[in-house]
Amino acid sequence: MRLEEQELFQIRGGAITATFFNSIARLINTVLDLGRTVGSSIRRIYSKNYC
């Protein structure tokens, strides 16, 4: 099948892929881990428990 130039301009993409979902999930996990780390650090500072 050979497409003409006019037909090539009509092709549209933009489907949401598994890679996109994976990157969003990794971003959420990173933000949650960062929040846990900061929260634990604050709790240790106030409780004077550094170990």
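Start by selecting F20: this residue lies in helix α2, which covers residues 18–47. Helices here are DSSP runs of H or I with at least four residues, strands are runs of E with at least two, and both are numbered from the N terminus. Before you click on, note that this is a predicted model, where local features need pLDDT of at least 70, side-chain atom pairs count only at pLDDT 80 or more, and totals for chains, interfaces and linings use all residues. Residues are numbered from 1 along each chain as its sequence is written, and side-chain values use heavy atoms, leaving out hydrogens and water.

Together with F20, they form a nonpolar patch on the surface, with about 590 Å² of accessible area. Accessible areas come from the Shrake-Rupley method with a 1.4 Å probe, and for residues only the protein chains shown count as cover. To join a patch, a residue needs over 30% relative accessible area and no salt bridge; nonpolar side chains (Val, Leu, Ile, Met, Phe, Trp, Tyr) are joined within 5 Å, like charges within 9 Å.

Just after α2, look at K48, which takes a positive phi of about 60°.

**Pick D33 and R36.** What joins their side chains? D33 and R36 meet in a salt bridge, 2.7 Å from N to O. The term means a side-chain nitrogen of Lys or Arg within 4 Å of a carboxyl oxygen of Asp or Glu. A search of the whole structure finds one salt bridge. Both residues sit in α2, three residues apart, about one turn of the helix. An α-helix has 3.6 residues a turn, so residues three or four places apart point the same way. R36 is exposed, at 53% relative accessible area.

**Hop to L8.** You'll find L8 in helix α1, residues 5–9.

**Finally, zoom out.** The protein has two helices and zero strands. Its C-alpha trace spans about 70 × 15 × 10 Å along the principal axes. Of its 51 residues, 0% count as buried.

How values were computed. Buried < 20%, exposed > 50% of the residue type's maximum accessible area, 1.4 Å probe, protein only.
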